[in-house]
Structures are given as C-alpha cells and as structure tokens.
Amino acid sequence: MPDATILGIESSCDETGAAVVRSGERILSNVVASQIATHQPYGGVVPELASREHLKAIVPVVRQALTEAGETYQSIDAIAVTQGPGLAGALLVGISFAKALAFALEKPLIAVNHLEGHIHAVLLEQRQMQQRQGGDGELYFPVLALVVSGGHTHLYLAQLHENLWTYRNIGHTRDDAAGEAFDKVAKLLGLGYPGGPIIDRLAPHGDPQAVKFQASQIKHADRRDHKQGDAARVADEEGGPHFDFSYSGIKTAVLRYVETQKLKPSIEARRQALAGIEKPKLEDVRALCDRQTLNLVASFQRSMVNDLVAKTLAAGREYDVRTLFVSGGVAANQELRTTFELEAGRQGLPVFFPSRALSTDNAAMIAAAAFPKFLRGEFVAMDFSAEAGMALR
Ligand code: KG4
Ligand code: ZN
C-alpha cells in the first residue's frame, strides 16, 4: 500500500487540533488546544468566542504538530480538514487556513466529515487492540459505529469497498445528544463544565441504584417493535428498522428530582464555592457533594449507559454486524466502556474504542479518515466550504 503523510486540521467546535498521521495509522503528532477555560464561565460553548480562539491558536498548533512529527510544510503529502458538521464560524477558520496552505504549497486538499473522523479514530488503534485480544488484525464488516458526543448520538452501519467507506445512518437522537445530557445535568447540579468527565469520575462514589430513572420513553424500533409492526416504528431510507435515542426526558427527570428533594440551596452553595476555586479538582467537587447528590449522579450515568448499550446492541443484532465501534467524547466514559465490553462480549461481538485521548475531538482522527480518500484521489477544489449540518453517508 502506498505511504502518505497527512496533516490533519480540526476546528469544528471548541478544540483547535492539528496532527500528522502516516498512512492512516501511525500518529507522528497530535496537538490539541482546548478552549475549556474560555467557555467555562458560560457553562457551554459560545460560538463567537470559539471562532476567535481558533484564529489565535491555528498557526501555533499546526507548527507544533509539524515540529513534533519531524516534518515540514514541504515534506507532507496532503492536507486534510474538517468540513462539518460543527459551528460554521469555527469550521471556517480551519478550512481557510487549510486552503491557504494547500494553495501555497501546491498540495492536495481533502475534506473530512467530523463524524467519519470519530469513527476512524478507532482505526488508529483497532488493529493493535484486536491482535492483543488474540485476533488476526483484520477488520470484519459490517461494522456498527456508535458516535456519541456533545452534538451527536448516531448509529451507522459502515462498509468498505476498495478504499471507499460508506455509511448508512440507522439511528440518531430525537432531541439531546448523550454528551449534551451529561453537560446539562452537570450544569443543573452545579458541578462545572464540561459535565461528562466530571460525572464520569464522581459516579463511582455514589449508588447507581439509588434513584430510579426511566430509560428514554420514545418508542424506538427495536427488534420486537419491528416484528410487531409497531405504528411508531420509523423505517430508514432503505426500509430497515431505526434505533432512535432521546435524552431530554432524563434531564427533565433530574430537574424534577432536584425540585421535589429541595436540592436547590445546596446546589447554589456548591456553585458559589466552586466559582471561588481557580482550577477546581475532582476532590474539590467531590468534597462539595453530599451522598444524595453522588447517588443521583451515579444513577443518572447508569441509566444513560444502560440505554446507549441496550439500543446499540439491539441494532447490532438486527443488522447482524460483525464488529462494533464506539467513539466520540462520551466514549471516554469508563462505565460506558466496561458495560459495552461486558454486554457485547456476551453477544460474541468484538467492540473497539479509541483511547480516551482520541475519543474527544482531535485532528489525528481527521488525518486518519483522509487516508482512504488520498488513496482514491478524492481531493476538493479551492471553492469548497464549511457545511455546518453535514450528513455522513
Ligand atoms: O467529541 P467531543 O469532544 O465533541 C463533540 O463533537 O461534541 O465530545 C464532547 C462531549 C461533551 O458533551 C463531554 O461532556 C462529553 O463528550 N464527554 C464525556 C466524557 N468526556 C467527554 N461524557 C461522559 N464521560 C466522559 N468521560
Ligand atoms: Zn466530536
């Protein structure tokens, strides 16, 4: 297989990333400048601030990625950049910079879907993981990929033919994405931002059985609904069953619990105490949580994890997949990883995740997803633009 060294650039949300990856597999460098500190006071990503921070970071981040990789602007073979989905203004920073580089250096330019990037993050390590588990390093199709992040909870069936990856969407969230639910619940409980990593680390200190939350209430087309011809069943474009998620209900249930249990004064006290600590550590947050709050956090996470795992595995059975990928920011969650490993293992389905660092937004995944496109000569012209609502096919 031909070799290629690709510079990847990612700027779709609140991380400015640049990475150099050889042949879609070997990470030579992977630099991420996080904007968490900028958005923290607002409890969420502020689009205008994100664009401004990307503008400040893009040149040093790209330079650092090249230096760490021992490469130069001249020595790379192609430039890959995230086209969408994401914040339009944020995407444009990466795209404009990538275009300028490609034009000046006369290098091919490759546009990558951010969601495809998350899926390909798994491939950066899947072969080694599979071999460690005693496998042959081969990837068996169809692959079912759950992309679970701050903006998406999507299920894709992936196929590969002659370096062409194709994706069929067989499920998505009808309202909030899973990561969004983690972030909103953490904000509601005065735990800080972003919520996912905080809840992940607090949950082991609480009792996950303490509060009973209903899994999402929507009628999704699992196997049983499908066979019974449930009227609420949604067929996808190709007539197959769809596996939808919904996480706004559980957020409201947490709010209701907070109100009925009169937790608001203690939440406000915690919020104020944390605001007075410059860089709060987990121990600081934990010390400010009573048992009831820790139990609530653990119960919320258990319910999220069980729902994500149950629906994904139901889809895997329905479509008779041979491999499962779980990627995106929420894939960094420890309980999600162990539950998937356990339950998929019971089903005899191999499951692969990116390492935690590659689960959240980064540019190595963009450079990795660009490699098959490089082999196929799938380059974009200088007039391509950002696509904030870009779909993956
Ligand atoms: O993929 P990502 O970095 O950005 C998007 O494309 O959205 O995902 C960010 C999301 C946030 O909602 C964050 O709270 C969540 O992923 N997240 C986690 C964990 N780490 C990040 N959620 C649960 N557990 C984690 N350890
Ligand atoms: Zn992402």
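**Figure 1. An open sheet of five strands.** In this predicted model, five strands line up in the order β8-β7-β6-β9-β10 with mixed pairing. Strands here are DSSP runs (E, at least two residues), helices are too (H or I, at least four residues), and both are numbered from the N terminus. The edges belong to β8 (164-172) and β10 (351-352), each of which pairs on one side only. Two strands count as paired if DSSP finds at least two bridges between them.

**Figure 2. Strands β6 and β9 up close.** Residues 143-148 (β6) and 323-327 (β9) run parallel and share five bridges. Look for Leu144, which sits opposite Leu324 in β9.

**Figure 3. Polar neighbours of ligand 1.** Asp200 puts a polar side-chain atom 2.8 Å from a nitrogen atom of the ligand. For His114, a polar side-chain atom is 3.3 Å from a ligand oxygen (polar contacts are pairs of N or O atoms within 3.5 Å). On its own, ligand 1 exposes 550 Å², and the protein buries 89% of that (Shrake-Rupley areas, 1.4 Å probe).

**Figure 4. The shell around ligand 1.** Here 16 residues surround the ligand, with Gly150, Asp183, Asp200, Gly329 and Asp361 the closest (near means a heavy atom within 4 Å).

**Notes.** Residues are numbered from 1 along each chain as its sequence is written, while chains are lettered from A and ligands numbered from 1 in the order written. Local features need pLDDT of at least 70, side-chain atom pairs need 80 or more, and totals for chains, interfaces and linings use all residues, with side-chain values based on heavy atoms, leaving out hydrogens and water.

Notes: A polar contact is a pair of N or O atoms within 3.5 Å; within protein, one must be able to donate a hydrogen and the other to accept it, and residues adjacent in sequence count only if both atoms are side-chain atoms.
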